[in-house]
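Colleague: Before we discuss this structure, could you take me through the terms slowly and show what each one rests on?

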Amino acid sequence: MARPSLAMVFSGSGGAGAMSAGELLLNAAAQAGYYGMMSKLFGAQVRGGEAAALVQISTAPVSCQPDRFDLFVALDWANVDQFANEIPLDDQTVIISDPRAGPVPASIAKCKGRTIALTMGQVDATPLERALHGKHINVFVAGVVAALAGLPVDHLQTALTAVLGDKSDDVTRTNTASLKSGIAAAAGVDLDVRLDPPHPAPRWLLTGNQAVAMGTLRGGVRFVGCYPITPATDLVEWMSPQLQKLGGRLVMAEDELSSINMVLGGSFGGVPSMTVTSGPGLSLMIESIGLGIAAEVPAVIVDVMRGGPSTGIPSKTEQSDVNIAIYGGHGDAPRIVLAPTSVRDCMYTGEWAVYLAESLQTPVIVLSDMALGQANTVIDPKPERPQKLTRKTDLPDGAFKRYAIGTDPVSAMPLPGTPGGQWVGEGLTHNETGIPVGGAAAHLAQIKKRARKLEQFDPGEAWGSVTGDGDTAILAFGSSIGPAQEAARRLEAAGKPVRVVALRVLSPLPLKSLAHALDGASRIVVMEQNFGAQLYHHLLAFKAIPPTAESLARPGPLPFRPAEITAHLA
C-alpha cells in the first residue's frame, strides 16, 4: 500500500558515502515533485568515524526529523555503535544490510525490526573495476531504495549527475552502472514502501546555511570576513563563488577576532559586510561587536549554533548561544538578535538582517543552528522578501556631527571621501562629533542615543508568527519550531488545539506582539534546546510571559521530535 512519507537512514563509516546516498535520493525526490529533508549525523573527525544521512521524503512539507525511521540501510557496520542510540528505530523498521559485512550489531538489532540481506554493489563489475573505481555501494543502495519508493529513473540519473558535479567521464560511467544495478536489484527485494504520487510543482533544494547566504546576498552583502568553523563553514563555501560573481569579496582571516574587525572595516568603507561563525567564534568576537555598537557601524554576524560550551560538540546541534548573543559584552551594548523560523525563512531573515544593520547602523546577530543550517530541505520557491532599508548617508543641513543628538537617533553616516563628511568610528566614549571625552553628560547622551535606536525599532509583522489556536501555547525559536508545529498538527487532529508562537526577533523583544500572540492562553510552554532555559529566563526578565509559564528546555545534541512534545503536553 502506498504511503504519504518514507523516512530512512543511510549509515556507514566516514568516507563510505552515506551522505552522498542521501543527497542523491533527496535530489531525485525533489525533481519528482516531493518534499523532503536530510539531516546529517557525524562525528568531529575529518575522515573516518561514524556517518549517517537521515532522510525523509513526503508529499507534504517536512520541517523536522520524524519520530522513527522506516528503513535503516547499512553500507557497513563500522562505528555504528557511536550513534545507534541517536536514531529512533522500532519493530516496524526494516534493516537492509550486506551479509558480507557481518551480522547486525546488537545496538541496531535490539529494535527487533525485520532484516533483509542484500548483496550490495554492481553485479557485473569485474574485480579489477571494483579495485580501480570502488564498489559505489552508496549509489547502488540509493538506486535500490529509490526504486522501492517508486521514484522515476530519469530523475535518479539527473540527480546523480548533479551529485557527481564535474567528476570525470569514467567516474560518471561507473557510478551510473552502479545506480542501474541497484534499481534492477530492487525487483528482488520483498518490501513495499511505495510513495503516494507527488504534487508536481517547482521546488528548491537547499540547506539553511545556503538560504542565509542567499538572503544576505539579496540584502546587499558584498564583503565577508570569516574564519572556518563547524557547522558554519559550508555557508561561506557556497557563498564565496556567488559573492565573486556579484563583484564582492570574501577574505579568510587568521582568526575570528580578525574577521569581525575586517567586517567593521569593510562596513566603515561603505560596503554591507558580514561574518559567519559558531559559538566559540562568537565568544572571540564579543569585544569588537561592542566596538561596532559604540561606533555605530553596521555588521551582520551569523552564528550557526552547535553544542557547547568550549569546543563542545562541533558536529551536532544546540540552541545555547542565546545569552551571549543578547547580552555578551561589557557595558550597555544593545543589539538586534534574530532567529530564522525555518529553513525557508533563513532566506528572509538573512536579507532582513542586512537591511536592519544598515538602516539602524548597528551589529545584527542571526542565531541559526546546525539543525537548520545543515538540513538539506525541499521547499516551495520564492519565499517572501522583507522591505528594503538602506544606510543613511546624506549629509544634514548645517555642521555635520556623526553622533548628533537629535529627534532621530540614527544620524548620518556618509561614505568615506564625502566632502565635509569625515568621521572617526570611535570606541572610546565620544561627543557628537566623535572626539573622545570622559564626561558623564556625553557618556549618558550617547548611551541613550544608541538605546533609542532599538527602542524605536518596530519589526511589524516580521516579529514572528502564530499558527493554530488553543488555550495551550508553545513558544519556540529556530529549529525547535518545526517539531512544535508538527506536534500541534497532531494534537489538533486529536481534538486538542494548540497554538505555536514562532519568535523571529529575540532582542529587543517585541513585547506588544508577544502579548497579543499569547492572549487568552491558559498554559504557555517555552521550548528550547539548551540546559539553562536561556530564552525562558530572557522572556521572564522582560515580563513577556507570566511567572506561571513552563519551561521545556534540554540540551542537544538530540533534536526535539513531535512525539516528545505531544507527550509533554498530554
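**Terms and the values behind them**

Modeller: The crossing of α4 and α6 is right-handed, where helices are DSSP runs of H or I with at least four residues, strands are runs of E with at least two, and both are numbered from the N terminus. This is a predicted model, in which local features need pLDDT of at least 70 and side-chain atom pairs count only at pLDDT 80 or more, while totals for chains, interfaces and linings use all residues. Residues are numbered from 1 along each chain as its sequence is written, and side-chain values use heavy atoms, with hydrogens and water left out.

Colleague: What makes a crossing right-handed or left-handed?

Modeller: A crossing is right-handed if the near helix is turned clockwise from the far one by less than a right angle, and left-handed if anticlockwise.

Colleague: Why is α4 called oblique to α6?

Modeller: Helix α4 (residues 137-149) and helix α6 (residues 169-185) pack at about 40 degrees, with axes 7 Å apart. Angles under 35 degrees count as roughly parallel, over 145 as roughly antiparallel, 65 to 115 as roughly perpendicular and the rest as oblique, and therefore α4 is oblique to α6. The axes are lines fitted to C-alpha atoms over the stretch in contact, and angles run from 0 to 180 degrees between N-to-C directions.

Colleague: Which residues make the contact?

Modeller: With contact meaning heavy atoms within 4.5 Å, the residues include Phe-140 and Val-144 of α4 and Leu-179 and Ile-183 of α6.

Colleague: What makes β6 and β7 edge strands?

Modeller: Eight strands form an open, mixed sheet in the order β6-β5-β4-β1-β3-β2-β14-β7, where two strands pair if DSSP finds at least two bridges between them. β6 (114-117) and β7 (204-207) each have a single partner strand, so one side of each is left without a neighbour in the sheet. For β7, strand β14 (residues 376-379) pairs with it in the antiparallel sense over four bridges, and Leu-205 stands opposite Val-378 in β14.

Colleague: How do you know that Asp-190 and Arg-114 meet in a salt bridge?

Modeller: A salt bridge is a side-chain nitrogen of Lys or Arg within 4 Å of a carboxyl oxygen of Asp or Glu, and the side chains of Asp-190 and Arg-114 give 3.8 Å, N to O, and meet that rule. This pair links distant parts of the chain, with Asp-190 in the loop between α6 and β7 and Arg-114 in strand β6, 76 residues apart. By this rule the count comes to 20 salt bridges.
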